[in-house]
Protein chains: 2
Amino acid sequence: MEGQRQAKDALFEAIAVMGKAFASTVRLELLDLLAQGPRTVDELGDASGQSTANTSQHLQTLYAAGMVTREREGTRVRYALADEETLRLWLALRDVSARRLAEVERAAREYLGGDVEELGRDELADRLARGDLVLIDVRPSHEYEAGHIDGARSIPIAELPQRLAELPADQEVVAYCRGPFCAYAHDAVRQLQAAGRPARRLDIGWPEWQLAQQRTPAKPKRTPAKPKRRRAA
Amino acid sequence: MEGQRQAKDALFEAIAVMGKAFASTVRLELLDLLAQGPRTVDELGDASGQSTANTSQHLQTLYAAGMVTREREGTRVRYALADEETLRLWLALRDVSARRLAEVERAAREYLGGDVEELGRDELADRLARGDLVLIDVRPSHEYEAGHIDGARSIPIAELPQRLAELPADQEVVAYCRGPFCAYAHDAVRQLQAAGRPARRLDIGWPEWQLAQQRTPAKPKRTPAKPKRRRAA
DNA sequence: CAAGTTATCAAGCGATCTATAGAATGTCAA
DNA sequence: TTGACATTCTATAGATCGCTTGATAACTTG
């Protein structure tokens with residue numbers, strides 16, 4: 001009866017370690033990057049604008065919280081999100097915060113510029129199967145290489161202006177990037193529209209797509225009454 | 001294009017505030033208590049063994065993170081979980097940590113003593129509808145009053161020994177408490193069994209039940225047999 | 001084996017967090 | 001108004017955190 005308090009403390013201690021991992025913007029940025037795919041320490045340092053030593057230190061905090069794995073590759077160490085649960089947790093936390101932020105002040109939306117037409121996962125899967133659109137991944141190419149939506153072609157946002165010609169003029173272009181709070185796809189759509197092409201933005205990014213695919217692994221043609229989970233409207 | 005970084009930082013900043021809220025065992029304990037129902041500051045202080053001033057301070061951290069609401073009631077202030085999303089987040093974080101803790105070391109299980117027979121939500125709903133079991137809520141009575149499973153009667157764990165006679169001898173007794181990591185229901189089941197009565201434990205607590213009911217409000221009739229947890233050595 | 005990369009460790013310093021105690025505020029009831 | 005009570009604020013000291021710098025370790029290549 002007194003092991004109770006002890007074990008409860010142990011549990012809360014463990015949760016607090018995880019909480020701490022979420023309590024620094026630098027670590028959140030690292031998590032956000034890792035959600036796109038595995039990276040080495042100094043890639044992460046570069047991408048997040050931190051020194052290698054500092055990045056390493058933060059990664060160790062994440063490691064202690066069990067949120068990332070690491071693996072030596074010769075002279076470098078590659079970190080990755082630990083598992084699907086961690087990704088899910090990160091996305092949940094991010095979305096809750098984002099929703100709140102958006103409610104209180106519209107800041108989160110504003111920076112994305114004017115609204116851009118979006119489409120959802122199901123419509124994309126549908127039309128991708130019919131082949132009547134072209135899907136582009138506008139993230140940096142190494143993120144594309146680490147994983148991307150099947151059927152997408154890589155056109156990093158920085159290269160889009162020079163590569164407009166590659167895209168067929170008669171089909172709608174759909175762009176996606178890191179997720180709902182990444183501006184790449186917004187930029188891409190605006191550029192495309194400025195060039196007179198029909199374009200829209202996928203409303204999710206690679207990490208969310210990946211998670212969703214895992215639940216409905218086959219080609220989600222038109223999802224006939226998928227009983228994934230009972231959910232009353 | 002540079003509002004991007006700014007807004008992203010704002011988002012991450014907001015998430016970090018939430019992370020910080022999760023980063024102290026004292027606050028986690030407060031959250032855990034609030035998951036059972038609204039409470040005033042010094043009730044919370046008493047329950048968590050902290051001074052009122054300190055409790056107030058931590059509650060303000062939670063408030064700043066948007067995770068609790070507060071309401072003046074005459075001379076006292078009653079805090080409550082902000083919304084369902086927060087509850088969901090808390091449960092998710094707790095479960096992930098608990099699962100990990102249980103993997104690495106079995107500590108989380110051990111304090112619960114020997115395993116106790118459990119039953120799931122669907123079976124409970126089923127049999128509750130048929131009326132062939134008696135459901136008892138063994139949490140402190142004010143938590144029962146703040147919300148409980150429909151059809152349950154309140155028998156706080158401390159009163160159980162004196163009130164055994166209230167329970168019909170010919171029906172199975174099912175006990176529930178705060179959740180999977182609370183020992184009350186385990187104790188109750190062991191006491192009941194020691195008294196020669198058939199008893200089992202609901203595998204979730206009030207917060208989880210409440211959440212689940214919101215999604216499937218009607219009575220969830222029957223579902224295929226649920227695999228029980230396997231027992232460890 | 002030596003030189004060069006990459007990552008981690010160790011120490012240090014300022015900033016932040018935590019808990020305590022005492023003062024101040026707000027509310028109710030007389 | 002005054003007194004009683006619940007809560008919050010303020011000040012403080014000690015602990016922890018976050019980033020930097022310089023040294024060390026692990027590994028590859030010449």
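This is a predicted model: local features need pLDDT of at least 70, side-chain atom pairs count only at pLDDT 80 or more; totals for chains, interfaces and linings use all residues.
**View 1. Helices H2 and H3 of chain B cross each other.** Helix H2 of chain B covers residues 25–34, and helix H3 of chain B covers residues 41–48. Their axes come within 10 Å and cross at roughly 115°. The crossing of H2(B) and H3(B) is right-handed. H2(B) contributes B:Val26, B:Glu29, B:Leu30 and B:Leu33 to the contact, while H3(B) contributes B:Leu44, B:Ala47 and B:Ser48. Sorted by class, the residues of this contact are 5 nonpolar, 1 polar and 1 charged.

**View 2. An open sheet of 3 strands in chain B.** The strands follow the order S1-S3-S2, and their pairing is antiparallel. Strand S1 (39–40) and strand S2 (68–73) of chain B are the edge strands, each pairing on one side only. S2(B) is joined to strand S3 (residues 76–81) of chain B over 6 bridges. B:Arg70 has B:Tyr79 of S3(B) standing opposite. Helix H2(B) lies across S1, S2 and S3 of chain B and runs at about 85° to S3(B).

**View 3. The surface near DNA strand C.** There are 22 residues around DNA strand C, of which A:Thr40, A:Asp42, A:Ser56, A:Arg76 and B:Gly74 come nearest. In chain A, helix H3 (41–48), helix H4 (52–64) and strand S3 (76–81) each give two or more residues to this surface, as does helix H4 (52–64) of chain B. H4(A) supplies the largest share, 5 residues. By class, the surface near DNA strand C has 6 nonpolar, 11 polar and 5 charged residues.

Technical notes
Residues are numbered from 1 along each chain as its sequence is written. Chains are lettered from A and ligands numbered from 1 in the order in which they are written. Axes are lines fitted to C-alpha atoms, for helices over the stretch in contact, and angles run from 0 to 180 degrees between N-to-C directions. Helices (H or I, at least four residues) and strands (E, at least two) are DSSP runs, numbered from the N terminus. A crossing is left-handed if the near helix is turned anticlockwise from the far one by less than a right angle, and right-handed if clockwise. Two residues are in contact if their C-beta atoms, placed from the backbone, lie within 7 Å. Ala, Val, Leu, Ile, Met, Phe, Trp, Tyr, Cys and Pro count as nonpolar, Asp, Glu, Lys and Arg as charged, and the others, Gly among them, as polar. Two strands pair if DSSP finds at least two bridges between them. A residue is near a molecule or strand if its C-beta atom, placed from the backbone, lies within 6 Å of it.
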